[in-house]
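This report describes selected features of one structural model. Please consult the sequence and the structure shown below while reading.

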Amino acid sequence: MSSFTGNDLMAGPPPTHLPEDPAAAELVPGADAMDVVRRHPDSPVAWATLATLAADAEDDPVTIYAYARVGYHRSLDMLRRNGWKGHGPVPWEHEPNRGFLTCLALLALAARAIGEDAEWERCSEFLRDSSPSGYAELLGDD
């Protein structure tokens, strides 16, 4: 018998861990999230914060959708720069990944609220595939 010592080709891609987001340190209580986005327009966590604040304020779902969509696309750019190949785990447990996962969840919820059912399905499934624990935390039984 031979023993296989190479990479397990069936294991799938390794988890992606985004680097610390510089905007995170600025998003302290009392900070103006809009100003943080102006200083860090490429920050997933800053856009996630705007989307979360809009959702908490029960703003128009189109506003939430717009903030979350920008954060989602900024996140995809950052994920790709950090080795992500379009699929694979993006763990909720790694704090810098939470901006992306939050944007994805809020995008899903806002899509559902405006009747974009296919986008709701796609985004909620993408979240579940990327991070089951993130899905549980952000969408739970939705």
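## Cysteines

C123 is buried, with a relative accessible area of 0%; buried denotes under 20% relative accessible area, exposed over 50%, and partly exposed the range in between, for a 1.4 Å probe and protein chains only. C103 is buried as well, at a relative accessible area of 0%. A search of the whole structure finds zero disulfides, a disulfide being a pair of cysteine sulfur atoms within 2.5 Å. For C123, the nearest cysteine sulfur is that of C103, 11 Å away.

The model is predicted: local features need pLDDT of at least 70 and side-chain atom pairs count only at pLDDT 80 or more, while totals for chains, interfaces and linings use all residues. Residues are numbered from 1 along each chain as its sequence is written, and side-chain values use heavy atoms, with hydrogens and water left out.

## Helix α5

Helices are DSSP runs (H or I, at least four residues), as are strands (E, at least two), numbered from the N terminus. With 14 residues, α5 reaches 20 Å from its first C-alpha to its last, close to the expected 20 Å at 1.5 Å a residue; the expected span is 1.5 Å times one less than the number of residues.

The buried residues of α5 are E119, W120, C123, S124, F126, L127 and S130. Because they cover an arc of only 155 degrees around the axis, they lie on the same side of α5; the arc is that of the directions from the helix axis to the C-beta atoms. This buried side packs against α3, α4 and α6 (132–138), contact meaning heavy atoms within 4.5 Å. The face turned away from it carries the exposed residues A118 and D129.

## Nonpolar core

A nonpolar core is a set of buried Ala, Val, Leu, Ile, Met, Phe, Trp, Tyr and Cys residues joined through side-chain atoms within 4.5 Å. The largest such core has 38 residues, of which Y72, L76, L79, F100, L104, F126 and L127 touch the most other members. At least two residues each come from α1 (33–39), α2 (44–56), α3 (61–81), α4 (98–113) and α5 (117–130). The largest share, ten residues, is supplied by α4.

Leaving aside residues up to four places away in sequence, F126 touches Y72, L76, W84, F100 and L104.

## The segment before α1

L18 lies in the segment before α1 and is buried, with a relative accessible area of 2%. Not counting residues up to four places away in sequence, L18 touches M78, L79, N82, H94, P96 and N97.
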